[in-house]
Amino acid sequence: MAVAALPQAMDALSRRATMLRDSLRRSQGNTDGMVAILGSFDHRLSALEAAMRPTQVRTHAIRTAHENIDRTIKAADGILSQFDLARRAEATILRGPHEDLESYLEAVDVLKGIVRFFSSNKNFKSSEGVLNHVNNLLAKSTLKIEEEFKQLMGTYSKPIEPDRLFDCLPKSLRPTKGDHEADGGGRSDHPSKGLETAVYRTPTLIPPRILPLMNDIAQQLVQAGNQQTCYKIYRDSRASALEVSLRKLGVEKLTKDDVQKMQWEALEAKIGNWIHFMRIAVKLLLAGERKICDQIFDGVNFNKGHCFAELTANSIITLFSFGDAVAKSKRSPEKLFVLLDMYEVMRELQPEIEEIFEGKPCTEMREAASSLTKRLAQTAQETFSDFEEAVEKDASKTIVQDGTVHPLTSYVINYVKFLFDYQSTLKLLFQEFDSGTEAESQLAVVTTRIMQALQNNLDGKSKQYKDPALTYLFLMNNIHYMVRSVRRSEAKDILGDDWIQRHRRIVQQNANQYKRVAWAKILQTLSVQGAGSSGDLTSSGVSRATIKERFKSFNTQFEELHAKQSQWIVPDQELRESLRLAVAEVLLPAYRSFIKRFGNLVENNKNPQKYVRYSPEAVDQLLGQFFEGQQWAEQKR
C-alpha cells in the first residue's frame, strides 16, 4: 500500500516543482519590466532637469537682486539715521552745555558714534564730508566742555569755613565759640585718650550729584587729548581751595626764627592749635580731597596721583613747616611735653597719611611726614637728656631759708609726673632709636637717672646751709616729697617698691641726723655728767651753781631753738608730727628727770622762775609750734 502511494507523491512533487519554475520565470519577467520602467524614468528626469536649469539660474539671480536691494535699503536707512542723529546732536552742541550738561555730554557721545560709523564705512560717497563736519563739531564741543569744567571747578572749589570743619569733628574736639574767636581753633589737651575711636565725618567738598558729571567731563577731555588742560584746571582750583581753607582755619607758615622770637605762652598756644589743625587737615580736608579726586577721575586714563600730589604740595609744606621749626628751635625743658604732643599726633596720623598719599607720585609727602615725626622724636629725646643734665647741674643760688621743699624738687617731680601721662608715647619714642631694648625698662632707667640727678643736686644745695640741723631737715623734706609723690603716682610701678623703701630709709636717716645735731647740745645740758666742780655740792655730788647754770642754759638754748625752728617748715603734716614726737620723746623725759632731780635746788631761791622757766608741759606745747614756718610767726604777731 505504501509502494502503491509513492508514484502519486512523486507526481505531486513534480507538479509543484513545475509550478515553482513557472513562478520564477514570471517574477524575472516582472523584474526586467520594472528595471526597464525605472530606466525610462531616470532618462525622463534627466531631460526634465536639463530643461529646468535655465529657470533655476534666473530664480537665483532674482533672489540675489532682492537681497542686494534689502541691504541697500538698510544701509540707506542707517545712513539716514546717522544724518538725523548728527542733525539733532549738532543742535544740542550749538546750544552749549549750560542748559543741560547731561544732554550735551550724551550728544558728544552720539557724535563720536557717528565718527566711528562713517570711519568704518568710507566707501560711502558722503563719508568724508560728514566726518569733517562731525569732527568740527567735536572740536567745538571740546572747547565748550573745557570751559564748563573750568566753570564747575570754580563754582564748587570754594574754601570751607572753619565752623563747617568743626561740625565734622567728634564732639570732644569741637571748640567753643570763645575758643575759636580767641586763637583760631581749639586746643587738644593731652592725654588724647579715646581719640582712636572718635568719629570724624569727611566734609562734602563737592556735591555728590555733581561728581558723576565731572567724571564724564574729565573722561571727554582726556579722550579728546586735553589731559594737560584737565590736569591744570583741576589742580589749580582744588589747590587754591585747600590752601585758603587752611588759612581760614589759622594755619600759617612759620620759620625757626619766628618760633625763637615767641614768648613761651604764645608758642604753647600755637603748638596746641597746630595739633588740632593737623587732625582737621589730615582727617577732614586731605581725606576729602583724596576722595573727590578718586571719584572724578575714576576710570579715566589720567595721572591722578601726580595731580593730587601737586595740588596738596604747598599745603603740606605749610602744615609741616611749623612742626619742623619747633623741632629745630632752641631746646628747653618745658618744650618736652609739647614735643611729645606733636610727636604723638604725627604717629596717630601716620596710617591715614600713608593711605591718603599712597602710590609713587606721593612718595615725597609720605617721606616729609615720616621725616618730621623722626625729627620731633629726636628733639624730644635730646630735650630729655638736656633735662636730666640740667637737673644735676642746676646751679641756682636760691636757698629756701626755712628748709622746706625746694622749687627745683617740686618742678622735677611734677615734670616726672607729667612724663607718666605720656607712657605710651615715650615707649614709642624709645623704640624709634633702640628697638632692641624693652621700652618700659628704658623708661624706668631714665626716670631713675632723673631722680638720682635731683638727689645729687639737693645734696649740693644742702651744703649751702650754715646750720647742719637745717641741712638735714632740708634733705629730709625734699626726699620725703620725692617718695610721697612717687607713691601717689604711676611712677611707683616703674621705680618699684625697692626704690621707695630705700628712699624712705634715707628720709629716716636725715630725720635722725637732724635730731642728733639740733638737740645734742641741749640734751647734754640736761645731763648730770661733768656737773660736779667745787663748793656747795649737793647730795648728788653736783654743784648748785652748775645746776643753776644748766637751767639757765636750757632756757636760753630752748628759746633759741624755738625762735629759729618755729620758722622752719616741714610741709607734710604727718612727717611734721612724727618729727615733733621724736624730739619730744628724747627731750621731755630728760627735762622731767632733770627737774625732778635738781628742781628743789632752785625752788627756794628768790626768783625760781628765773631757772625753771618752762614746765615740761609748756615745753611740749612749744614743741607743737616747731616747723610751722611763717604761718606761726604771723599768728604770733
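**Charges on the predicted model**

At 44% relative accessibility, Glu389 counts as partly exposed (buried is under 20% relative accessible area, exposed over 50%, partly exposed in between, with a 1.4 Å probe and protein chains only). This is a predicted model, so local features need pLDDT of at least 70 and side-chain atom pairs pLDDT 80 or more, while totals for chains, interfaces and linings use all residues. Residues are numbered from 1 along each chain as its sequence is written, and side-chain values use heavy atoms, leaving out hydrogens and water.

**Salt bridges**
- There are 26 salt bridges here (a side-chain nitrogen of Lys or Arg within 4 Å of a carboxyl oxygen of Asp or Glu).
- Glu389 pairs with Lys393 at 3.2 Å, N to O; both sit in helix H12 (residues 363-393), 4 residues apart, about one turn of the helix.
- Lys393 itself is exposed, at 59%.
- Lys283 and Glu352 also pair up, at 3.0 Å, N to O.
- That pair links distant parts of the chain, 69 residues apart: Lys283 is in helix H9 (residues 264-296) and Glu352 in helix H11 (residues 335-356).
- Lys283 is buried at 12%, whereas Glu352 is partly exposed at 25%.
- Lys232, Arg235, Asp236 and Glu310 join up in a salt-bridge network.

**Negative patch**
- Asp421, Glu490, Asp493, Asp497 and Asp498 gather in a negatively charged surface patch (residues with over 30% relative accessible area and no salt bridge, like charges joined within 9 Å).
- Helix H17 (residues 491-525) gives the largest share, 3 residues (helices are DSSP runs, H or I, of at least four residues).
- Asp421 belongs to helix H13 (residues 407-421) and is partly exposed at 37%.

Methods:
Patch = residues over 30% accessible without salt bridge, like charges linked within 9 Å, V, L, I, M, F, W, Y side chains within 5 Å. Areas by Shrake-Rupley, 256 points an atom, 1.4 Å probe, with all protein chains shown as cover. Lys, Arg positive; Asp, Glu negative; His and termini not counted. Charge placed at Lys NZ, Arg CZ, Asp CG, Glu CD. Helix = DSSP H or I, 4+ residues; strand = E, 2+ residues; numbered from the N terminus.
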